[in-house]
There are 2 protein chains.
Amino acid sequence: MEEIKIDSCQCRIIHEELVAEARKNALATSEVEELAYLFKAFADGSRMKILLALIQNEMCVCDLAALLSISESAVSHQLRLLRTMRLVTNRREGAVLYYRLNDDHVNELIRVALEHIRE
Amino acid sequence: MEEIKIDSCQCRIIHEELVAEARKNALATSEVEELAYLFKAFADGSRMKILLALIQNEMCVCDLAALLSISESAVSHQLRLLRTMRLVTNRREGAVLYYRLNDDHVNELIRVALEHIRE
DNA sequence: TTAGTATATGAGCAGTTGCTCAAATGATAA
DNA sequence: TTATCATTTGAGCAACTGCTCATATACTAA
């Protein structure tokens, strides 16, 4: 998908220059995929509830499970995904892991999204 | 899922007060679902490429298909989804439909997301 | 050590998603 | 009207996702 092929494309192109310019300004494919992957983290009800909860307070796995009414295993799977994309981190206190947001981007993204759906 | 049931929950709760407070501050379930649904629009490589292209210029379906190297049908399906969530609109010029972003939220969301993955 | 608590992980399955293909619709031109 | 172009739409299928269940790991306390 990294190869640019204007002429071999089967599709009709009405505005060749527009398409050429769009290609020129396009982000790297890897970055586009990273973007889409990041947004996937927010694209699920359970993960969204987790993130919304962690905006308020750090919480442990079993509390999140109680809050969302799903299993601790399910929460743990989702937290792993959120950890992978550096949206959350945790700190250990004995056997308990407290999860919190890693930076303010989660907050910003949700704020803008809320603006969109509320207007 | 709209019913709040603290006591009937099977899960252990370590910090009851934290969970109770999180419930109290929680967004309405419908709004949480709307949020997740909105983010789904950004959570796919093809739709992300479409949105990134439309940040630069309005474009018609067949140009987008050429740009993404996928079928016009596939583009049309994705545009319908983006229209549904009011992220894009179109204007007709003869037989051609030109799509553009509906407001600046797309731009903002992508800007913050890029900030996150680039740091 | 052993038992119990808190969390993580892998396999597997049901539900969802993004594509292709075929057919329909809407607009233009002859 | 008919032919063609630009786009939309529905059905169907392969790939992906989020859950459950069983098991494993990490820590604490006795």
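1. As background, two copies of a chain are related by a rotation about an axis and a shift along it.

2. A word on what you are looking at: this is a predicted model, in which local features need pLDDT of at least 70, side-chain atom pairs count only at pLDDT 80 or more, and totals for chains, interfaces and linings use all residues. Residues are numbered from 1 along each chain as its sequence is written, while chains are lettered from A and ligands numbered from 1 in the order in which they are written.

3. How do the two chains meet? In chain A, 51 residues are in contact with 51 residues of chain B, where contact is defined as C-beta atoms, placed from the backbone, within 7 Å. Several elements of chain A each supply at least two residues to the side touching chain B: α1, α2 (29-40), α3 (45-56), β1, α4 and α6 (105-118). The largest share, 10 residues, comes from α6(A). By type, this side of chain A has 32 nonpolar, 8 polar and 11 charged residues. Here Ala, Val, Leu, Ile, Met, Phe, Trp, Tyr, Cys and Pro count as nonpolar, Asp, Glu, Lys and Arg as charged, and the others, Gly among them, as polar. Because 100% of the interface residues of chain A are also interface residues in chain B, the copies meet through the same surface.

4. Now look at DNA strand C. Of the 25 residues around DNA strand C, A:Cys60, A:Ser73, A:Ser76, B:Ser46 and B:Ser71 come nearest; a residue counts as near if its C-beta atom, placed from the backbone, lies within 6 Å. Two or more residues each come from α4 (61-68), α5 and β3 of chain A and from α5 of chain B. With 6 residues, α5(A) gives the largest share of this surface.

5. The elements giving two or more residues are α5 (72-84) of chain A with α4 (61-68), α5 (72-84) and β3 (96-101) of chain B. Here α5(B) gives the most, 6 residues. The surface near DNA strand D divides into 11 nonpolar, 9 polar and 5 charged residues.

6. Chain A also holds an open sheet of 3 strands in the order β1-β3-β2, with antiparallel pairing. Its edge strands, β1 (59-60) and β2 (88-93), each pair on one side only. Between β1(A) and β3(A) there are 2 bridges, and A:Met59 has A:Tyr99 in β3(A) as its bridge partner. Strands pair if DSSP finds at least two bridges between them; helices (H or I, at least four residues) and strands (E, at least two) are DSSP runs numbered from the N terminus.

7. Is A:Glu16 buried or exposed? A:Glu16, in helix α1 (residues 16-25) of chain A, is exposed because 11 other C-beta atoms lie within 10 Å. The cut-offs are 20 or more for buried, 12 or fewer for exposed and partly exposed in between, with C-beta atoms placed from the backbone.

Conventions:
Two residues are in contact if their C-beta atoms, placed from the backbone, lie within 7 Å.
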